[in-house]
Amino acid sequence: MAAAAAAPPALTLAVAAAVIAAACLLLCAEAVWLDLPQSGTKCVSEEIQSNVVVLADYALMYESHPSSHPTIAVKFAFTTSEAGNYLACFWIDSAEKGSGISINLDWKIGIAAKDWDVIAKKEKIEGVELELRKLEVAVQSIHQNMIYLKAREAEMRTVSEKTNARVAWFSILSLSVCIVVSILQLWHLQGYFQKKKLI
């Protein structure tokens with residue numbers, strides 16, 4: 001009985017450590033550097049759930065003439081209306097096609113897009129309480145993501161089962177056609193040999 005009572009705290013610590021690690025991963029957002037080709041488009045894609053805030057911040061840098069052209073920084077934000085794969089595409093649309101241009105793209109999704117300083121001031125929380133709030137939001141995000149992945153897995157399983165059923169019916173149909181064609185060939189050859197009086 002004592003061993004059973006000692007197990008839940010260890011399990012609780014393991015779960016708490018996993019939640020904290022996942023929260024740290026969710027709260028971190030890294031920038032991506034893209035080198036734009038002289039012609040064509042370069043895109044970054046991300047699969048995002050519905051009703052998620054996306055905050056993108058990008059800056060353009062002219063590599064060949066860093067002194068003559070200023071760095072252009074632009075920020076945009078939107079809330080997704082439906083789940084799916086979202087693209088951010090960039091291309092050079094100017095006379096200076098030959099100059100190398102790089103993009104620094106910082107794409108924040110969900111809780112990473114929240115301004116925690118504003119939330120802390122608005123709700124008058126700080127320190128441990130703020131960190132607990134971040135963890136609560138991270139856990140909610142992980143839970144929603146698990147529900148989303150479960151729904152996607154169910155959809156994939158349904159599609160896979162339908163495809164397997166169609167392949168099975170197609171195999172049965174193909175086998176039936178082969179059997180019918182073989183019987184017709186035997187019947188035709190038997191009639192041909194009987195006409196020629198070979199059998």
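Start by selecting Ser50: setting aside neighbours within four places in sequence, Ser50 is in contact (heavy atoms within 4.5 Å) with Thr80, Ser81, Glu82 and Ala83. You're looking at a predicted model, where local features need pLDDT of at least 70 and side-chain atom pairs count only at pLDDT 80 or more, while totals for chains, interfaces and linings use all residues. Residues are numbered from 1 along each chain as its sequence is written, and side-chain values use heavy atoms, with hydrogens and water left out.

Ser50 sits in the loop between strand 2 (42–48) and strand 3 (53–62); strands here are DSSP runs of E, at least two residues, and helices are runs of H or I, at least four, both numbered from the N terminus.

Now for the core. Pick Phe90, Ile103 and Leu105, which have the most contacts inside the largest nonpolar core, a set of 18 residues. Such a core is made of buried Ala, Val, Leu, Ile, Met, Phe, Trp, Tyr and Cys joined through side-chain atoms within 4.5 Å, with buried meaning under 20% relative accessible area (1.4 Å probe, protein chains only). Strand 3 supplies the largest share of this core, five residues.

Apart from it lies another core, of eight residues, including Ile119, Ala120, Leu130 and Val137.

Last stop: select 167–187, which UniProt labels "transmembrane region" in an unreviewed entry; such annotations may be inferred rather than shown by experiment, and positions follow the numbering used here, with feature names shortened. That span is 100% helix and 0% strand, with its end C-alpha atoms 30 Å apart.

How values were computed
Buried < 20%, exposed > 50% of the residue type's maximum accessible area, 1.4 Å probe, protein only.
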